Amino acid sequence: MSIEIRSASKSYHGAAVLNNFSLSLPSTGTVCLFGPSGCGKTTILNCIAGLESLDSGRIIGTENLKISYLFQEDRLLPWNTALKNIEAVLPRKNSRALAAEWLRLVGLEAAADKYPCQLSGGMRRRVAIARALAYGGDLLLLDEPFQRLDAGSKDRMMELIEKKTEGKLKILVTHDKKAADHLSDIIYHFDGKMIKILDNINSERQHYT
Ligand SMILES: Nc1ncnc2c1ncn2[C@@H]1O[C@H](COP(=O)(O)OP(=O)(O)OP(=O)(O)O)[C@@H](O)[C@H]1O
Ligand SMILES: [Mg+2]
């Protein structure tokens, strides 16, 4: 599996967000998109996930892929407990026990029966991370995964993501330079066009920043 975005253009109400944008992604590893607020990072993820369509251009290689998407907002179901939010993405067999195990892995076993409105922002984020990982996609889209997490939780979540998604392709969007440096094989700076600032997959370790 490798994904290619070819000459993608997308506007909202006449304002261009993606303008003839192209990008080739490797089949595994973590590719980070770094860039200022409003430059179109979430739009790119939404187009890859098929939630938004391009005005022109193509995205090749996502057909038949199972995609885990950790949205920029947690998007937990408010009427479900933490446990049920995770159970919802699991096959029915053993779903309760598996969901409980995912909650344990993100340090929230005691919050299983709590509803999203009863959790702190960082706790909700960890439930959302657990749900995205539990779904087990071939491709993971991670939009600001560590927002609202304290330093200790962030380190544990980085470690968990690395461990549970080995060999899979991850597209990481973050403003967090430490997380980007720690997790990424390739880092692109996106600001209208893409500038590659780190490439550990294609040999030479380049740092232009
Ligand atoms: N559904 C939409 N309708 C109208 N405009 C939109 C929509 N989605 C995104 N935009 C606009 O597209 C631009 C890019 O938004 P996007 O959310 O992709 O940015 P981003 O790089 O993810 O920013 P941030 O780092 O703040 O999350 C912004 O100007 C935003 O207002
Ligand atoms: Mg965004």
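In the classes used here, Ala, Val, Leu, Ile, Met, Phe, Trp, Tyr, Cys and Pro count as nonpolar, Asp, Glu, Lys and Arg as charged, and the others, Gly among them, as polar. On that basis, the shell around ligand 1 has four nonpolar, eight polar and one charged residues. This is a predicted model, in which local features need pLDDT of at least 70 and side-chain atom pairs count only at pLDDT 80 or more, while totals for chains, interfaces and linings use all residues. Residues are numbered from 1 along each chain as its sequence is written, and side-chain values use heavy atoms, with hydrogens and water left out.

**Ligand 1**

- Of the 13 residues around ligand 1 (a heavy atom within 4 Å), S37, G38, K41, T43 and Q72 come nearest.
- Helix α1 (residues 41-49), a DSSP run of H or I with at least four residues, gives the most to this shell, with three residues.
- Polar contacts (pairs of N or O atoms within 3.5 Å) to oxygen atoms of ligand 1 include a polar side-chain atom of S37 at 2.6 Å, a backbone N or O atom of G40 at 3.0 Å and a polar side-chain atom of H175 at 3.0 Å.
- The protein covers 62% of the 640 Å² of accessible area that ligand 1 has on its own (Shrake-Rupley method, 1.4 Å probe).

**Helix α3**

- In helix α3 (residues 95-105), S95, A99, W102 and L103 are buried, that is, under 20% relative accessible area with a 1.4 Å probe and protein chains only.
- Seen down the axis of α3, these buried residues fall within an arc of 100°, taken from the directions from the axis to the C-beta atoms, so they line one face of the helix.
- The buried residues of α3 pack against α2 (82-87), α4 (121-135) and α5 (151-164), with contact meaning heavy atoms within 4.5 Å.

Methods. Chains are lettered from A and ligands numbered from 1 in the order in which they are written. A polar contact is a pair of N or O atoms within 3.5 Å; within protein, one must be able to donate a hydrogen and the other to accept it, and residues adjacent in sequence count only if both atoms are side-chain atoms. Helices (H or I, at least four residues) and strands (E, at least two) are DSSP runs, numbered from the N terminus. Buried means under 20% relative accessible area, exposed over 50%, partly exposed in between (1.4 Å probe, protein chains only).
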